[in-house]
Amino acid sequence: MVLRITTWNVNGIRNPFSYQPWREKRSYAAMFDTLEADIVVMQETKIQRKDLQDDMVLVSGWDCYFSLPKYKKGQYFARYEAYLEDSNRGEQLGYSGVAIYTRQSACAPIRAEEGVTGALCPPGSSTSYLNLPENECIGGYPTLDQLSRSPVDAATLDSEGRCVLLEFPAFVLIGVYSPATRDQSRDDFRLGFLNALDARVRNLVAEGKRVILTGDLNIMREEIDTANAEELMRKYGMSDTEFVSTPSRRLLNQLLVGGKVLGGRDEGREKPVMWDICREFNKGRKGMFTHWEQKINARPGNFGSRIDYILCSHDMKDWFCSSNIQEGLLGSDHCPVYAIIKDHIRLDDTEVHISDLVNPSGVFKDGNRLKDYSVKSIPALSAKLIPEFDRRRNIRDMFTRKPSLSSEPSKESSATDQSDPPATQDRLSRDITNSETATPPQTQDLSGVSPAVSSPTAPASPDKLLGAKRPAIETPTTKAVKRSKSASTPLPAQSNGKGQQSLKGFFKSKALVNGGGKDGQAGETTETAEPLERAGTDDLRNTTQGQAQAIVPQPTSPPSKRRQPYRKRSSTSDSGDHAADEETETCDPIAAKESWSKLFSKRHPPKCEGHKEHCIQLTTKKPGINCGRAFWICPR
């Protein structure tokens, strides 16, 4: 399995979703799968922390690390008078931002930092990265002497969210978005940032670490890397030598092996330490541009420049097997650039699988995973550890994850029903909560319970369950026995007010449902409902002790026939014959259809009490609390 690294200036983290092929699924996981990348480095996210959303952070199968601007858009540094004198000059803060996404199944960093200089602090800490112990930081921070080349201090250089560093066992990955050259108002900041970046890369290499530098550097190396080199030289009155020797190009070319450096090298930059991977695999290729100006629609004519790079340290050159641009993928004024690391590489004269080198020790062995991915091992900079997203799950996982329910009922619940009422209430609360959040277990067979108990119209509320008291006649040694249909005393037929007792009631004709007894009137004899209520309480207690509530409500009947739970039982004088008739009579579909049609049909206008004429419906238009309400009124 190879490791593919992709860098892309997206010009706004949501901007690609306005283009094909991203607009169809509109998800970052689908975007990364289309890119076929294992590490995605995004620049110019154009968001702040308050703009982070679930779909950006909680990407299934991916970790993410952000470096975001510390100021609002359009706010400039107060310490620089040049930024305040002309509000139209300079680059607005909030239009930068870098994000790195890593595929959990392929790689996992052991450390993560933001900022080039190390002046920032880790999340939840007041100690800067620069002052952390050696085993807790990435290292290679620019020294005071190296930072003294720029008039901009370290904290200011890292305040715009332009750099994220991830350390893997094999190398350090640096994702960067360098300031652009717009006018002279930002030259100090731009050169200060590039000097600090150059120092950080060289210091890491000097410490023996391998480095991959990727991102939008906003630098065109040579004339071959831009379509308008001649126009730029003519515009600014430069020669070929002066064009290559501008401060930013000279700095980059001194960093790269094979860079065009005219004259002597600068102090501290005597030796090149990085390779331009994409150019190395495409030597002499013209028109290999990664950025096009949108204002002039320069992309169709390929009138652009190459300012996005993937660079690697000298000892990693042979690790890569391919690198190129993806100019056919739309979504930004830049195109993605990728580089692929081989699945097996030679390290200290030994062939090692790349998965063993981009994951913590002991997770992979010879390309085979030994340990599962764990959130506990991700660095503190991970966006998933931000308080707003910590311990959150994707909504899809909430429905696909299997609940863990106890297989055996609690043995202590029956013993503490009367001796420890508070404990019973806590247990009932947990059971009720579990029944709402987890998948319901297999329900008990309550077919033998009296219909008034086993089939209520709605489950009892938790407050009623917790607040109900046991009947006084119960004793700890007495166990309630469920009533069954085969009991010696048959249950009398229920009266018309109880509602339908089965699904057949939906299709009974109105005459059959309302009929019964002599002249359709049933002589009612009542009996005490206390045994029935006691049986219902016992059944509910037995149900909630070992599992969630298993009382399932039956389909509700029309409002006119809705049953009332726990009503007193009634019987008719000739209930046996009438019950037999109801079971054997066939339903009248026409009558059932008419009854339901009346229920859902449009309401007929009422008649005026004085004139006995149909009223008309009007709507209140006068402003006030009654505005928009409809009412009936006499047409006269």
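Strand β12 (residues 308–313) is mostly covered, with 6 of its 6 residues buried. Buried means under 20% relative accessible area, exposed over 50%, and partly exposed in between (1.4 Å probe, protein chains only). Strands (E, at least two residues) and helices (H or I, at least four) are DSSP runs, numbered from the N terminus. The model is predicted: local features need pLDDT of at least 70, side-chain atom pairs count only at pLDDT 80 or more, and totals for chains, interfaces and linings use all residues. Residues are numbered from 1 along each chain as its sequence is written, and side-chain values use heavy atoms, with hydrogens and water left out.

Cover extends to both faces of β12. On one side D308, I310 and C312 are buried; on the other, Y309, L311 and S313 are buried. Two strands pair if DSSP finds at least two bridges between them. Strand β8 (residues 211–216) pairs with β12 in the antiparallel sense over 5 bridges. In this pairing, L311 of β12 has L213 opposite. Strand β9 (residues 274–276) is also antiparallel to β12, over 3 bridges. Here W275 stands opposite C312.

Another set of strands forms an open sheet. Its 6 strands follow the order β3-β4-β2-β1-β14-β13, and the pairing is mixed. β3 (62–67) and β13 (320–325) are the edge strands, each pairing on one side only. From one strand to the next, the twist averages 10°; axes are lines fitted to C-alpha atoms, for helices over the stretch in contact, and angles run from 0 to 180 degrees between N-to-C directions. β3 and strand β4 (residues 98–103) run antiparallel and are joined by 6 bridges. C64 stands opposite Y101 in β4.

The disulfide count is 0, a disulfide being a pair of cysteine sulfur atoms within 2.5 Å. C278 is buried, at 2% relative accessible area. For C608, the closest cysteine sulfur is in C634, and 3.7 Å is too far for a bond. C608 counts as buried at 13% relative accessibility.

The protein as a whole has 19 helices and 22 strands. Of its 636 residues, 44% are buried. Among contacts (heavy atoms within 4.5 Å) with a separation of 6 or more, 73% link residues 24 or more positions apart. The accessible surface is about 35200 Å², and carbon and sulfur atoms account for 50% of this surface. Accessible areas come from the Shrake-Rupley method with a 1.4 Å probe; for residues, only the protein chains shown count as cover.
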